[in-house]
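Please look through the sequence and the structure shown here before reading the report that follows.

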Amino acid sequence: MIDRRKRKIIKEFGKNLKSIRKAKGLSLRQLAASSGVDHVQISLYEKGESNLEMTTVVDLAEGLGVDPSELFSFPC
């Protein structure tokens, strides 16, 4: 079971991921194509409904053309 604080971080990560994707003008499918991460899975990450591995963070960052640390630029 994931505690409340960790759940909040997962949700904030997802919001930030979606914000960056939209700012880059990318659809879910476009990000999926550039990152190698399934678009359905990306949608779950953006909604904070799925936890992800660090390798996936790196894949998403590469697909967005940002440093992985940018995906964690939100208050905890």
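## A serine in α2

S35 has its place in helix α2, where a helix is a DSSP run of H or I with at least four residues, numbered from the N terminus. The model is a predicted one, in which local features need pLDDT of at least 70 and side-chain atom pairs count only at pLDDT 80 or more, while totals for chains, interfaces and linings use all residues. Residues are numbered from 1 along each chain as its sequence is written, and side-chain values use heavy atoms, with hydrogens and water left out.

Because its relative accessibility is 11%, S35 counts as buried, a word that means under 20% relative accessible area with a 1.4 Å probe and protein chains only. Its side chain reaches the backbone oxygen of L31 at 2.7 Å, and a polar contact is a pair of N or O atoms within 3.5 Å, one able to donate a hydrogen and the other to accept it, with residues adjacent in sequence counting only if both atoms are side-chain atoms. Leaving aside neighbours within four places in sequence, S35 is in contact (heavy atoms within 4.5 Å) with I42, D59, L60 and G63.

## The helix α3

Helix α3 covers residues 39-46, and in this helix I42, S43, Y45 and E46 are buried. Seen down the axis of α3, the buried residues fall within an arc of 160 degrees, so they line one face of the helix; the arc is that of the directions from the helix axis to the C-beta atoms. These buried residues pack against α1 (4-23), α2 (28-35) and α4 (54-64).

At the N-terminal end, α3 is capped by D38, which has a side-chain oxygen 2.9 Å from the backbone nitrogen of V40. After α3 comes G48, whose phi is positive, near 75 degrees.

## A leucine in α4

L64 lies in helix α4 and is buried, with a relative accessible area of 4%. Although L64 and K24 are 40 residues apart along the chain, their C-alpha atoms are separated by 7.4 Å. Not counting residues up to four places away in sequence, L64 touches L17, I20, R21, K24, L26, L31 and L71.

Key: Buried means under 20% relative accessible area, exposed over 50%, partly exposed in between (1.4 Å probe, protein chains only). Helices (H or I, at least four residues) and strands (E, at least two) are DSSP runs, numbered from the N terminus.
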